[in-house]
Amino acid sequence: FAGLSDISISQDIPVEGEITIPMRSRIREFDSSTLNESVQNTIMRDLKAVGKKFMHVLYPRKSNTLLRDWDLWGPLVLCVTLALMLQRGSADSENDGGPQFAEVFVIIWFGAVTITLNSKLLGGNISFFQSLCVLGYCILPLTVALLVCRLVLLAKPGPINFIVRLFVVIMMFAWSIVASTAFLADSQPPNRKALAVYPVFLFYFVISWMILTFTP
Amino acid sequence: MATTATPAGGSRNGTGPEWGGFEENIQGGGSAVIDMENMDDTSGSSFEDMGELHQRLREEEVDADAAAAEEEDGEFLGMKGFKGQLSRQVADQMWQAGKRQASRAFSLYANIDILRPYFDVEPAQVRSRLLESMIPIKMVNFPQKIAGELYGPLMLVFTLVAILLHGMKTSDTIIREGTLMGTAIGTCFGYWLGVSSFIYFLAYLCNAQITMLQMLALLGYGLFGHCIVLLITYNIHLHALFYLFWLLVGGLSTLRMVAVLVSRTVGPTQRLLLCGTLAALHMLFLLYLHFAYHKVVEGILDTLEGPNIPPMQRVPRDIPAILPAVRLPATVLNTTVKAVEVTLRSH
């Protein structure tokens, strides 16, 4: 706020005006007050924003929506879904190597924070939460892969079963990588994209590996 | 006139710009009240003055109606100056505490900038350093160059963590996943940081010319060999192959580090001590990683966690309390033998 201290206001003129956030789009301006709107509207608007970002991940193109209006709702939902689905069905078989809820949760957030710090260290011009948001939303294809895997696992186990799962997981893994690099690569210096993408690759690889080796 | 003009102006000024801070508000509000009281005492002299004052007062009333809320604020601060002071102090304290926290957070964030020079690399540089980490250079007379960079080492350590997890999974290691993850991260980072610090300490004792940063980079790139060997041998279960790779790839990366250290140390005893320690630690770590997370962990855990019924576990522990000298070593020995047996059987 160093710049604000330079502005001198004449004592006789009452200060008045409207505070507008320049980042918001013009469409929002007519309902700038969210106090009067119903709760349903508020929730629906946020849900729509989250849904729109999901669409952006599923069909990645050069767009700044995911970066501009970041939120952590989508990542939270995806992360919890993934962790819940990776949880073993029976609680008593605790020592059978299945990933626990807390573990998946920690891997995802710890990994995302590590990647973000790495990209900051490499000189990327992206904010901390923007990067977390993108990495979190790009788990969506892998969540879909897990869903498909669980459905496939209902069928008779065998080599064909495994090959189908392998194919699905590899496809979704590639999708995740492509989507996240489409959003994140622009924020890095052009000569260092490979360095920034490598930890992202590792992060999604570990998650895909957990999904592939999961058996209920 | 001049004095009477101030109250209206004062109150307006005091209430108008809310940005002015507490000081101004108090003064403005205070002067308005005091002047109005004074006016009653001194006004009798001139009738015209009275009339104008009356007009001004009425104006002020209109003003007050217009800006009722703000007037109230000013009055509050004026009448209850003490409370204003108090609230100001509290606000000051809050501000100070907030500032302290913010500056702490900022300094934490600024630490990233301190680390940034160590991550200033190009992909081609990383590639060439990875390759060079497998090529020992026989140049002893002149100190070899070590690039002080942390990106490569950090990524290699994370890769090693991922490979270890993979190895544990493929070997159907039966322990809780949380332990697996923690173990993998703990082992890799513990080795990297711990051995670097230890060798740095030894280098300080042996008078070798190396900094902590260089040590971290050297050992970190030395893990590249480990990554390759483990990635291959976790997937191809052949013991002869592992020993071959252990000697060849692990040996090459160790030799490279040893060559660098030798070139930076003076005196045969110091060289032997430093390089012997590093080589032994590095080679044994690879051996440990391969066998510990390949089959052995599984075996030991089967032995230890197999009879996982709490009351049954208590029984052998109660008996040594009676006959400690005889039973305790026997129990320990028994467990060890069982573990070794399982190990041998699995290989």
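Which residue forms a salt bridge with Asp71(A), and how far apart are the closest N and O atoms? I started my look-up there, keeping in mind that this is a predicted model.

**Entry: the pair within chain A.** I found that the partner is Lys53(A), with the closest N and O atoms 2.3 Å apart. Next I checked burial. Asp71(A) has a relative accessible area of 12%, so I noted it as buried. Lys53(A) comes out at 4%, so I put it down as buried too.

**Entry: the pair between chains.** Then I looked at Arg192(A), whose side chain meets that of Asp120(B) in a salt bridge, 2.1 Å from N to O. This pair crosses between chains. On the chain A side, Arg192(A) sits in the loop between helix H7 (159-184) and helix H8 (193-212). On the chain B side, Asp120(B) sits in the loop between helix H5 (81-115) and helix H6 (123-132). I also looked up the accessibility of Arg192(A): its relative accessible area is 10%, so it counts as buried.

**Entry: the pair within chain B.** Here I noted a salt bridge joining the side chains of Arg129(B) and Glu149(B), at 2.5 Å from N to O. Arg129(B) is in helix H6 of chain B, while Glu149(B) is in the loop between H6 and helix H7 (151-170), so the pair ties together parts 20 residues apart in sequence. Both Arg129(B) and Glu149(B) are buried.

**Entry: the tally.** Over all chains, I get a count of three salt bridges.

Technical notes:
Residues numbered from 1 in each chain as written. Chains lettered and ligands numbered in written order. Predicted model: local features only at pLDDT ≥ 70, side-chain atom pairs only at ≥ 80, totals over all residues. Heavy atoms only, no water. Salt bridge = Lys/Arg side-chain N within 4 Å of Asp/Glu carboxyl O. Buried < 20%, exposed > 50% of the residue type's maximum accessible area, 1.4 Å probe, protein only. Helix = DSSP H or I, 4+ residues; strand = E, 2+ residues; numbered from the N terminus.
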